[in-house]
Amino acid sequence: MGMARDPLKQRLRGLLHELMLIPGLSGHEGRVRRRLAKALEGLGLSWRTDRLGNLIATIAGDAAGPSVMVFTHMDQLGLVVRKIEADGLIRVERLGGVPERALASQEVLICVGEGKDVPAVIANKSHHATGQDEKYRVLPYAEITIDAGFASAAEARAAGVDIGAPIVYAPRALDLAGERVAGTSVDDRAGCAVLIEVARALADGPRRPTTHIVFSVQEEFNLRGAVTAAQALKPDVAIQLDLILATDTPDMTARGEVRLGGGPAMSLYSFHGRGTLNGTIPHPAMVALFSEAARAEGIALQRSAHVGALTDSSYVQLVGQGVAAIDVGFPCRYTHSSLEVCDIDDLAGLTRLVVAAIRKIDGAFSLNRDDDER
Ligand SMILES: [Zn+2]
């Protein structure tokens, strides 16, 4: 039987494609949430939401052991309409870590309502009029304009575009060679697809701790959407699924050893060096748990230590009396660009790894810091 028939990989590829084509800027995750809620219902799981919009499903299990929250974010970065000029061109604010270098000439989607969304392009000065001094200059987002074809502000408003409207990269999903997939917001729709498969395995399978499946909001905005869920659920353990920077392209090789297609990865250290004094140093029991689960399952587990990015786990770990947290993920290239690249093999490996790790958590699983390595 060929690899292409692996049902897990087929489901991951299918759901990833579908999710990448649904726009969901931070704070506007409704369409993504509805699709994921439908997927949970398909697994026979009931779900609920909190006031921020986190989507939560609880799979009850052995109450003797620690409880687990496994989470991934539904939202994506993008832009927000700031001003509509009299000539119909649109000015924007950015939301999240938008790479300005990769904005010019992008196709975008102004989200004004399902079936009514407005396609547009980010203006790029006509090449024939680009002077030598401008050729290699990146336009800051404050200077860019977005052209949806409107001839006036009134036309834009008649189409539903107003100040505050969310804008995302035009949703795309492309199968590349082999198991590689490119698309919009692989970060973190790939994590969402993995988490649905984790939920499927845990809902069907044998022994497990009580596990809360959480699809969180506003990660790209303020990294704290999942905190609300953690405050309500009071988990002992938090497992965060998101991208891990692939470092196997020529521009990244000095940064680490994470290969796309080399298997799932865990983060041993993250820190955001740009003002946000936070990051995640995983709980040693979680590092040991994932290392042992990978060994037992025969899954290659890659390691990452990286300054410059962080996830909601940094804030979730501080909830209550502390939550034993770890970031695990899939290698991803070209992060936050309009087309990010991941590998379906890595997503399948991550799914199996997370399920195996959670199943190993029982009443004997210690989070006691007195047991830390000496
Ligand atoms: Zn992410």
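By class, the lining of the largest pocket comprises 18 nonpolar, 16 polar and 13 charged residues. The structure is a predicted model, and in it this pocket has a volume of about 1300 Å³. Its lining consists of 47 residues, with Arg274, Gly308, Ala309, Thr335 and His336 lying nearest the centre of the pocket. Several secondary-structure elements supply at least two lining residues each: strand 5 (90-95), helix 5 (219-222), strand 13 (237-245), strand 14 (265-271), strand 16 (302-307) and strand 17 (324-332). The largest contribution comes from strand 13, which gives five residues to the lining.

The second largest pocket has a volume of about 500 Å³. Of the 17 residues that line this pocket, Ala104, Asn124, Lys125, Arg137 and Leu139 lie nearest its centre. The lining of the second largest pocket divides into six nonpolar, four polar and seven charged residues.

Strands of a sheet pair through backbone hydrogen bonds, in either a parallel or an antiparallel manner. In this model, three strands form an open sheet in the order 10-11-18, and the pairing is antiparallel. Strand 10 (173-175) and strand 18 (340-343) are the edge strands, each pairing on one side only. From one strand to the next, the twist averages 25 degrees. Strand 10 is joined to strand 11 (residues 180-183) by three bridges, and the two run antiparallel; Asp175 has Val181 of strand 11 as its bridge partner. Helix 1 (residues 7-20) lies across strand 10, strand 11 and strand 18, and runs at about 10 degrees to strand 11.

Definitions and conventions
Residues numbered from 1 in each chain as written. Predicted model: local features only at pLDDT ≥ 70, side-chain atom pairs only at ≥ 80, totals over all residues. Heavy atoms only, no water. Pairing = 2+ DSSP bridges. Helix = DSSP H or I, 4+ residues; strand = E, 2+ residues; numbered from the N terminus. Axes fitted to C-alpha atoms, helices over the stretch in contact; angles between N-to-C directions. Contact = heavy atoms within 4.5 Å. 1 Å grid on protein atoms, 1.4 Å probe; cavity = no way out; pocket = protein on both sides within 12 Å on 5 of 7 lines; lining within 4 Å. Points joined across faces, edges and corners; volume = space filled by probe spheres on them. Nonpolar A, V, L, I, M, F, W, Y, C, P; charged D, E, K, R; others polar.
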